[in-house]
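Visitor: I would like to learn how to read helix packing, domains and ligand shells. Where do we begin?

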Amino acid sequence: MPDKVTFASSKPKELRADATLPLLLDRMLGKWNFKKRFNEKRVAIKMHLGGNVGYSTVHPLLVRIIVGAVKAGGGKPFITDSPGAVSSAHERGYTAEVLGAPLHPVAGVADAFTYSRRVNYRTLKKVNLAGNIVDADAMIVLSHGKGHGQSGFGGAIKNIAMGCVDGPTRGQIHRLMSAAFEWDEAKCTGCRLCIDNCPNNAVIMTDGKISFIDHHCKYCMHCEIACPSGAISIDQSGYRHFQHGMAVSTREALRTFEPGRVFFITELQHITPYCDCWGFTTPSIVPDIGIVAGDSICAVETAALDLIEAENFIEGSLTHPLKRTGSGHLLQQIHGKDPYIQIEECIKIGLGDGKYRLVKVK
Ligand code: SF4
Ligand code: SF4
């Protein structure tokens, strides 16, 4: 039986407040029995609070509605994200007064409040889970769906895998991908053909040394082919290792909760090509879609990606150096990375099957 995913649309059927997203969200949450899930529980609402002058993260009004629904169900919510994002969150409108719940850094103010779990996946030996996630009784994974240079899509999986751990663990997960790029200094003649032939500005030379920006790379292999000395080798499977590392980190975070205590809400508005961590906002690549929610991470992620794919690309929305090339999902055309792979890796390790039935909220 496919998992239920509820959907509140951004496009109102009628011109009255009751038909618009905030009140549709409120009605949608009412269908999920928060009392059974959250009564008397400490509920971590894990968000990406963005940075600097970004304004495309989940709007405080929507967060306030979710906080209200948790409280109405008897839960004790708090908002949480990385220490840096929490310390500057008030600059983007996220305060305890506005949201109705306190904000706490996910792994403490020094990013050192963690619980370690051994995972032994390639170079990722352990993950340090954020203490305020492990100590919570329940969690709402409140994500903003958008493109991402390293994983194609940033939604619930990215929010947990990179957001419910400390900084060093994040670095180790990224390393699973960056380790796939090799440059042999002894063979390199400094001809710069790799730089000239990279269509994505992903090869740079600093003080005579070549390095790669995995965020920009689309795995076209032009640099490796163009190199006359055989100094470059790129292991394309590095991308899948990175996605698998994210799945492992996600599984460890979800494992700390009793069954049925985690709920996923993904907002699909202001769908920019870049992650919110850039600290600025660029134009939306498709029209606003709405909000999806459910209790299966793979079902919610798949529904979010399918809904983005069903929308029309907004011409002129991509800023330099991004461009659409190749085939596949729109986000794959932009970033060269299949955004569904992170879901496939989660499915492989038992986090659901990704099948869903979409129930539209009226
Ligand atoms: S594989 Fe393609 S996109 Fe990646 S660094 Fe090489 S030339 Fe650039
Ligand atoms: S193309 Fe090969 S030899 Fe030329 S600069 Fe790049 S790595 Fe060095």
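Guide: Begin with the angle classes: under 35 degrees counts as roughly parallel, over 145 as roughly antiparallel, 65 to 115 as roughly perpendicular and the rest as oblique. This is a predicted model, where local features need pLDDT of at least 70, side-chain atom pairs count only at pLDDT 80 or more, and totals for chains, interfaces and linings use all residues. Residues are numbered from 1 along each chain as its sequence is written, while chains are lettered from A and ligands numbered from 1 in the order in which they are written.

Visitor: At what angle do the axes of helix 12 and helix 14 cross?

Guide: Two packed helices are described by the angle between their axes and the distance between the axes. Helices are DSSP runs (H or I, at least four residues), numbered from the N terminus. Axes are lines fitted to C-alpha atoms over the stretch in contact, with angles from 0 to 180 degrees between N-to-C directions. Helix 12 (residues 297-309) and helix 14 cross at roughly 160 degrees, and their axes come within 10 Å. Helix 12 and helix 14 are therefore roughly antiparallel.

Visitor: Which residues of helix 12 and helix 14 make the contact?

Guide: Contact means C-beta atoms, placed from the backbone, within 7 Å. Helix 12 gives Ile297, Cys298, Glu301 and Thr302; helix 14 gives Ile343, Cys346 and Ile347.

Visitor: How do helix 11 and helix 14 pack?

Guide: Helix 11 (residues 238-255) meets helix 14 (residues 341-348) at about 50 degrees, with the axes 8 Å apart. That makes helix 11 oblique to helix 14. Helix 11 contributes Arg240, Gln243, His244, Met246, Ala247 and Thr250, and helix 14 contributes Ile341, Gln342, Glu345 and Cys346.

Visitor: Into which domains is the chain divided?

Guide: Domain bounds come from an automatic or database domain assignment. Domain 1 covers 3-175 + 238-360, and domain 2 covers 181-234. Their contact takes six residues from domain 1 and eight residues from domain 2. The C-alpha centres of the two domains lie 33 Å apart.

Visitor: Which residues come nearest to ligand 1 and ligand 2?

Guide: A residue is near a molecule if its C-beta atom, placed from the backbone, lies within 6 Å of it. Around ligand 1 there are 13 residues, with Cys198, Ala202, Cys217, Cys220 and Cys223 nearest. Ligand 2 has 14 residues around it; Cys188, Cys191, Cys194, Cys227 and Ala231 come nearest.

Key:
Helix = DSSP H or I, 4+ residues; strand = E, 2+ residues; numbered from the N terminus. Contact = placed C-beta atoms within 7 Å.
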